[in-house]
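I opened the file to look up a helix, a cavity, the aromatic contacts and a few backbone angles. My entries follow in the order in which I took them.

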Amino acid sequence: MDSVSSGLVADVLQRLHQEADAADAPLMQAYASEITNVEQAMKQVVEAENKDLTGLYHGYADNFLSVSPEFGRFLYMCARSCKAKRIVEFGSSMGISAIYMAAALRDMGGGVLIGTEIESSKAERAQANLRAAGLADLVEFRIGDARETLKAGVGGDIDMAMLDGAFTLYLPILTLLEPHLKPGAIIIGENAFTEAGGYIEYVRDPQNGYLSLPLSFDPGRGNEFTVKTR
């Protein structure tokens, strides 16, 4: 069974990707005209996050900043391949990536996705989108700073983690989740850039218990595939 290729989930995803393209087009155009290279872009984002992380992402409340359809299918495939039962997502935005991963859980018989989102209005829209896709019962959203909302734990071992929130928090969030990661757990980092806080250096060092490689699709997005080895 593959619910992301046809049926209700596929229809909702197609609609949401169209909405995302329309909502984010002005931002992407402005970004392309103002930024000359990735290093410059990352420097600006890191500086903005360090100055006012909550305010920065409140300014993106109407932007999806979502995964591409190809990346979403990759997330679905990863969840299926590791037979995930518990997934944690840092930065759920409008819920597109959550739909892909929750669909995998549903297609394998169930599980739980714990999503985190700092912007409450986005979390509300994400919940509505999950309901539209018939997947809301599989997803728990925690609203606020993930460094706080994940402190109490996630209810068990983690099979897969998706990092797609504030760039400078990837390493702190990974460190927070580490005690719960199963050996063999998959960690996907979107926008995991070397300029943003040491995450890449950490997961690419086998001494830390990971094997990690960059992903070739969606070039320029800083996508990273990591496996927990111990």
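Entry 1, helix α4. I take the expected span of a helix as 1.5 Å times one less than its number of residues. The model is predicted, and I read the values below as computed from it. I looked up α4, which covers residues 96–107 and has 12 residues. From its first C-alpha to its last, α4 reaches 17 Å, close to the 16 Å expected at 1.5 Å a residue.

I then checked how much of α4 is covered. The helix is mostly covered, with 11 of its 12 residues buried. Among the buried residues I noted Ile-96, Ser-97, Tyr-100, Met-101, Leu-105 and Asp-107. Just after α4, Gly-109 takes a positive phi of about 110°.

I searched the whole structure for cavities of 30 Å³ or more and found one. The largest cavity has a volume of about 40 Å³. Which residues line the largest cavity? I listed Phe-64, Leu-65, Ser-66, Val-67, Ser-92, Ser-93, Met-94, Gly-95, Ile-96, Ser-97 and Asp-164. I sorted this lining into five nonpolar residues, five polar and one charged. Asp counts as charged, and Asp-164 is in the lining. Ile-96 and Ser-97 are in the lining too, and both are buried residues of α4.

Ser-93, one of the lining residues, has a positive phi of about 50° although it is not a glycine. Its place is the loop between β1 and α4. Is Ser-93 buried or exposed? I count Ser-93 as buried because its relative accessibility is 10%, and the cut-off for buried is under 20%.

I also looked up Lys-83, where phi is near 50°, again a positive value in a residue other than glycine. Lys-83 is found in the loop between α3 and β1 (86–90). I noted Lys-83 as exposed, with a relative accessible area of 60%.

I found seven aromatic pairs in the structure. Tyr-57 and Tyr-60 form one that is edge-to-face, at 5.9 Å centre to centre and 65° between the planes. At 15% relative accessibility Tyr-57 counts as buried, whereas Tyr-60 at 25% counts as partly exposed.

I took Phe-74 and Phe-225 next. This pair is also edge-to-face, with 6.1 Å centre to centre and 65° between the planes. Phe-74 lies in helix α3 (residues 69–81) and Phe-225 in strand β7 (residues 224–228), so the pair ties together parts that are 151 residues apart in sequence. Phe-74 is buried at a relative accessible area of 16%, and Phe-225 is partly exposed at 25%. I recorded Phe-71, Phe-74 and Phe-225 as one aromatic cluster.

I found Lys-228 over the face of Tyr-210, at 4.5 Å from the ring centre. Lys-228 falls within the residue range of β7 (224–228).

I placed Ser-121 in helix α5 (residues 120–132). Ser-121 is partly exposed, with a relative accessible area of 27%. I looked up its C-alpha separation from Ala-20, which is 16 Å. Ser-121 and Ala-20 are 101 residues apart along the chain.

Technical notes:
Residues numbered from 1 in each chain as written. Predicted model: local features only at pLDDT ≥ 70, side-chain atom pairs only at ≥ 80, totals over all residues. Heavy atoms only, no water. Phe/Tyr/Trp six-rings, centres within 6.5 Å; stacked < 30°, edge-to-face > 60°. Buried < 20%, exposed > 50% of the residue type's maximum accessible area, 1.4 Å probe, protein only. Helix = DSSP H or I, 4+ residues; strand = E, 2+ residues; numbered from the N terminus. Lys NZ or Arg CZ within 6 Å of the ring centre and 35° of its normal. 1 Å grid on protein atoms, 1.4 Å probe; cavity = no way out; pocket = protein on both sides within 12 Å on 5 of 7 lines; lining within 4 Å. Points joined across faces, edges and corners; volume = space filled by probe spheres on them.
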